[in-house]
Each structure stands twice: as C-alpha cells, then as structure tokens.
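Dear colleague,

Please find below the structure that I am handing over to you.

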Amino acid sequence: MTQPALDGPVHHAGEPAQPLRPASPEQQRGPGGNPWRKAAVIAAAGVPVGLLWWLLAPSGLNLLTGDPDLAAGTNTATWLPRDLVLAGLCLLAGCIAGSFVAGTKHHQPGPGTVILVVLAGAAGALIAWGTGVLSAQWWGAPADTSASASVAFSLRSYAVLAIWPAAIALAIFLNSLFPGSGGKARR
C-alpha cells in the first residue's frame, strides 16, 4: 500500500512551521550594522580620549590630582603617571569598543570584522596620542625641552598604544568563549 502524496514541505516536530527565507544583507551582518561604521566610531573615539588624557594627566591640565608640583613636565615624577593615565583610558576605550563589537550569542563577528576593529583601535590610540599632544601645544604652557623631550606633554612609552587594540581583541575573544545569555534574562 502506498502513502498519499503531501502538498508542500514536511513539517517535523521541533522545526519552524514557516519555511526559512534567506537572510538579507543587514541580517547577515548581525546587530549593529556595517563593520566599517563601527571601525570609524572606534577610531574617532581617539579624539575625546586624547582630550581626556591632556585634561587628567600630570603635566597636562592635571585635573586628576590637582597637585601644583605635578603640573610641570620638568618634574620627572610626572612622566610615568602621564603615560599611565593614557594607558588606563586606552584600556577603558578598548574594553568598551570590544564589547560594542563582540556581538551576541548567535551573531559573532567574522574574522574580517575583528581585524578591522582591532586596526581601528590602533588608529584610535594613535589619534588619542596626537590629540593629547596637540591639546598641550594649543592650550598648555610652553615647555623648554632642551633638557629632555619628555618635559613637553608627550608619551614616553609607546607600548601604551598597543593597549587599546589588545583590549578590543581580548573582549571579542572572551565574548566568543563566554557568550552569555544572548540578551535573554536569566532566571
């Protein structure tokens, strides 16, 4: 005995009742849209980070400590804290940018997106450095750099610039290991 023919696709338990439609380009990118837009936002964030560096750091405007002894770049005790302020700001910016790009449980960023945003983090760090130095030149007191170039508001440890892209990469990596609840409330 033969079975009657079915009209349309067979529906098995546990499958969606509606046939799956191919995803649009917007849905394929995942939430948040275009990776180039994310990269541009990350790189542009270097401007406020650089301004904050100059505002907060010793030998800059020095709003963090307010100590007049740390206001001059001739005091060598200001050089390390000045670099550490930028390092902390780059770490914060990298963690925020990495979580911004990391995606959700079901939409992880692709390798090209990860490379793009890590490079944008490197660009953001360079922009922050340049913005801080430029802010000091525009609004800071002139410095006599004959004794050392570090007397002027500058960065002594260039390794600080690697913190921002490294924090982005680490945040994306940790999100891929521990994706969380995917936006659903835990009970």
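The model is predicted, so local features need pLDDT of at least 70 and side-chain atom pairs count only at pLDDT 80 or more, while totals for chains, interfaces and linings use all residues. Residues are numbered from 1 along each chain as its sequence is written, and side-chain values use heavy atoms, with hydrogens and water left out.

Helix 3 spans residues 46-56 (helices are DSSP runs of H or I, at least four residues, numbered from the N terminus). Its buried residues are Gly 46, Val 49, Gly 50, Trp 53 and Trp 54. They lie on the same side of helix 3, because they cover an arc of only 135° around the axis (taken from the directions from the helix axis to the C-beta atoms). Buried means under 20% relative accessible area, exposed over 50%, and partly exposed in between, with a 1.4 Å probe and protein chains only. These buried residues pack against helix 2 (35-44), helix 4 (79-101), helix 5 (111-139) and helix 6 (163-177).

Thr 78 sits in the loop between helix 3 and helix 4 and is buried, at 0% relative accessibility. Its side chain reaches the backbone oxygen of Asn 75 at 2.7 Å. Neighbours within four places in sequence aside, Thr 78 is in contact (heavy atoms within 4.5 Å) with Pro 58, Ser 59, Leu 70, Ala 72 and Gly 73.

The count of disulfides (pairs of cysteine sulfur atoms within 2.5 Å) is zero. Cys 90 is buried, with a relative accessible area of 0%, whereas Cys 95 is partly exposed at 39%.

With kind regards

Conventions
Helix = DSSP H or I, 4+ residues; strand = E, 2+ residues; numbered from the N terminus. Polar contact = N/O pair within 3.5 Å; in protein donor to acceptor, adjacent residues only side chain to side chain.
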